[in-house]
Amino acid sequence: MLTIEDRQGIEQLLYREAHLLDERRFREWLDLLTDDIEYLMPLTEHVQGKVAPAGHPIIKDDKPTLMARVAKDETGWSHVEIPTSMTCHLISNILIDEESDGEVAVKSSFIVRQARKLRDEAWWVGRRHDRVRRVDDQWLIARRCIYLDATVLPRGVSIFF
Amino acid sequence: MSVLGELGSLVGWERGRIAPAIYFDPEVYRREQARVFAGGWVPVGHEDMVRNPGDYVANYVGEVPVIVARDRAGVIRVLVNKCRHRGNQVCLFDRGNVRGFTCSYHGWSYGIDGRLISVPEEQRFYHGALEKEKWGLEEAAVVNFCGLLFACLDREGPAFEDWLGEDVRWWLRHFVLAEPVGGLEALPGWHRYESPANWKLIAENFIGDNYHFAHTHTSWIRVRHAFQEQGILTPMTTAPHSALRDTAKYSVTAGYRSSAPLGLGAMLTDGEALHERDLQDARFLGKEAVEWVRDRDDRMSKALASCEPRPAYFGHGLLFPNLGLMGYVSPMTGKHFLLFHPRGPEAHEIWQWTMVEREAPEAVKELAVQRVYQGQHMAGVIAPDDVENFERIVEASHSPRAWRSPMNYDIHLGHDQDQLPHLPGNIGAEPSEVNQREFYRFWLELMEPDGDERGGQA
């Protein structure tokens, strides 16, 4: 049974995460993810009738792949983040449900605005379905599935959600 | 003021000088829609996308929305997605399986073969005089070349064999579509993103620009090295690439000085080191993968027994006008098929699908696919840096003051001679800008002369 403190802890986890991403503290962000994190973004399509599912998602990262993305920007040669993007992650509509296996299912909605250079920008909107787990007294994200409300993405993805 | 009258001097492909006006002038863009996209053979997908009767996928030829469909009789058709009554879209989905399409405006209904089947109140309003057989969806000519589907909107357009020369078809069949080793299999789903700048800038990047890789993608190259040293394995940090020091590399131009070009960059000829590299990559996946790599190599050797040296892989490529190719550097990587759809002079959309070798073991397919969507893909570690460059080109070059200042395409200019004359096509030094020059040679051929001499086309 989740206590009020558990629910507050989980909400704080999501808000802390949003601030870490916006402040570009990506190493600290990685520490909020379990070592067996699955970080997914399925493909959004409009399909009609009986057809095979999409052959692969947009993103399916494990921790080493997420570390590689962070390391890429840290080289100082990642043109897509030079100058760095300004992002603001607005996280809302948080719904927390305890699962039978001891993990917790957390749904949230997001609006992320990404601003680049002088006037280039992208708006990313959607929902996240997370699984969070308590590890050594700390809530960590063990799985994240990002449902982006876009069939044609507004630009290449160089940020985290 | 349009530059249409100056194209001959602005597109100096023989001199290595191309003026940015052709990326920004709206009149050039408008003529391009008619001459390059509506007048030529444009790739629209793969037969796997429409395996069963009733299957369809939506796509574009230039700005024209089309439906690629397999009808009840098994015939693959390319239909313009536009009701003949008031020009409304009839298909709103990316892909599906249906009996037909009904327009949402007045309810005209078409079969999956494009025929007009029913019109509400036909007898009462049209007095039995509507010739339904004349009002089917507009249809393009279609060619299925080893599974790859091409459409030509102009029914009086060029013959397919004239558009793509014999050497282009040879490279497509043997390498791009891997026919000697069982062919490719398409995975369902369009992966799509908006990208800034004129479609030709990314097309010329794919056809010949291996020069940019070391600088544009340097951040990725550094991470790859660092992770390899630390022993951190991910599909992309272990992905084979063409930077084998002792392997000779070439640029391939098929259609050189003759037809719509197919340019392949960083073509590697077969060698022990390459085969060993592939086997080593396969060993991580076990015996079945290793055996498949060996068997595949044997079959390819037999199919290409007459080639000396034997072409093995290539790094990147483009089939004119807008089909980008990547993932051909090893049998252990999936194949990226990218369509660059024009969206006004200063923007394009990338519509991408993924292919794997049909006969590869499941474990190889799984890894190969990861290397597609983690690489030259909208959320990969490669493509977003390219998008960034194109955005900067628009900012720096869109002022009309810059339109006539030519850009430099000099690499190996005057040194295009064929180094491997026993292979089809023209094979030269790598990296080169010969394929960019060939791209613009053919583009200019289509864009000139002016409209009056071409029967008044735009």
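A: Start with one residue in this predicted model. Q280(B) has 14 other C-beta atoms within 10 Å, so it counts as partly exposed, because a buried residue needs 20 or more and an exposed one has 12 or fewer.

Q: In which helix does Q280(B) lie?

A: Q280(B) belongs to helix α10 of chain B, which covers residues 272-283. Sequence separation and distance in space can also be read together. Between Q280(B) and V290(B) there are 8.2 Å from C-alpha to C-alpha, at 10 residues apart in sequence.

Q: How many helices and strands does chain B have?

A: The secondary structure of chain B consists of 14 helices and 23 strands. Of its 458 residues, 51% count as buried. Among contacts in chain B with a separation of 6 or more, 67% are between residues 24 or more positions apart.

Q: What radius of gyration does chain B have, against that of a compact globule?

A: Chain B has 23 Å; a compact globule with 458 residues would have a value near 23 Å, so the two agree. The C-alpha trace of chain B spans about 75 × 55 × 40 Å along its principal axes.

Q: What pLDDT does chain B average?

A: The average for chain B is 95, and 97% of the residues score at least 70. In residues 452-458 of chain B, however, the pLDDT is below 50, and this stretch has nine contacts in the model beyond near neighbours in sequence. Where pLDDT is low, predicted coordinates should not be read in detail. For the complex, the predictor gives an ipTM of 0.96 and a pTM of 0.97.

Definitions and conventions. Residues are numbered from 1 along each chain as its sequence is written. Chains are lettered from A and ligands numbered from 1 in the order in which they are written. This is a predicted model: local features need pLDDT of at least 70, side-chain atom pairs count only at pLDDT 80 or more; totals for chains, interfaces and linings use all residues. pLDDT is the predictor's confidence in each residue, from 0 to 100. Two residues are in contact if their C-beta atoms, placed from the backbone, lie within 7 Å. Helices (H or I, at least four residues) and strands (E, at least two) are DSSP runs, numbered from the N terminus. The radius of gyration is taken over C-alpha atoms; the globule rule is 2.2 Å times the number of residues to the power 0.38.
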